[in-house]
Amino acid sequence: PALLTIIQFTTHSNVRQEAKLVVSSLASRSSARPRLASEIKAAHDSATSDDARLIFIELLGAAGGKEATIVVEKALASESQMDRLAAIAALGTWADDTQFEMLLDHLAEEEDERLRRRAFDSAYQFLMIQRKRDPSDLERMWKDLASEAQSPADKMKIVNVIARVVEDWAFAVVEFFLEDENDEVSFRAEKALDYMNEKRNRLKPNRDEDDGE
């Protein structure tokens, strides 16, 4: 509550931002997220400035849950670019995977190029969060993001990060770019697969030994 009060009433933007980071960190590690979401939503509903209200929208992502979803979904549909930016930021730090599809849907529909860019970066940031996920879910989520990558730079970004992984799902994601219309992207995907295969072959003897044990 003290941190939310600081966000609400401080006149110093840097202090507000620092308080936001602390609350977000606490929420991401909390076992009482529903209660935190209720407190943040109450602060949002009684916000005395747009600056504070927008930060409360962002913070609802780290808390997650039904109450947070209602507020963020409304902000995402707003005509205000600032509201949409706050909602995009919230979805990039969402407490679980339940609203990833909402972020991707907005990414596909957003007409403002700057906001679309932020939505892509937010989705990428979300998938980089270390969280236990089923391999089939990881493949689907990364492929869904890959299908929304428009620039060669974004496509390369995905290929480069997935190339560090040697699980079966990662190969499927990189293979998505093999037939890309951009020659540099398709070439990078081909080289990434070669690297991944070499890395997996180097690791295979160790895996076989573990299986034998």
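Predicted model: local features only at pLDDT ≥ 70, side-chain atom pairs only at ≥ 80, totals over all residues.
Colleague: How many helices and strands are in the chain?

Modeller: The count is 12 helices and zero strands. Read from the N terminus, the order is α-α-α-α-α-α-α-α-α-α-α-α.

Colleague: What box do the C-alpha atoms fill?

Modeller: Roughly 60 × 45 × 30 Å, with the box taken along the principal axes.

Colleague: And what share of the residues is buried?

Modeller: Of the 213 residues in the chain, 43% are buried.

Colleague: Which residues have the most contacts inside the largest nonpolar core?

Modeller: Those are I7, W142, L145, I158 and I162, in a core of 62 residues.

Colleague: Which helix gives the most to that core?

Modeller: Helix α4, covering residues 50-63, which supplies eight residues.

Colleague: Back to W142. What is it in contact with, leaving aside neighbours within four places in sequence?

Modeller: W142 touches Y124, L127, M128, I158, V161, I162, W169 and V173. Two of those partners, I158 and I162, are also on the list of residues with the most contacts inside the core.

Colleague: Of the contacts between residues at least 6 apart in sequence, what share joins residues at least 24 apart?

Modeller: That share is 62% for this chain.

Colleague: Switching to the surface: what does the accessible area come to?

Modeller: About 11,700 Å², and carbon and sulfur atoms account for 50% of that.

Colleague: How many positive and negative side chains are there?

Modeller: There are 29 positive and 42 negative ones. The centres of the two sets are 5 Å apart.

Methods:
Residues numbered from 1 in each chain as written. Heavy atoms only, no water. Helix = DSSP H or I, 4+ residues; strand = E, 2+ residues; numbered from the N terminus. Buried < 20%, exposed > 50% of the residue type's maximum accessible area, 1.4 Å probe, protein only. Contact = heavy atoms within 4.5 Å. Areas by Shrake-Rupley, 256 points an atom, 1.4 Å probe, with all protein chains shown as cover. Lys, Arg positive; Asp, Glu negative; His and termini not counted. Charge placed at Lys NZ, Arg CZ, Asp CG, Glu CD. Core = buried A, V, L, I, M, F, W, Y, C linked by side-chain atoms within 4.5 Å.
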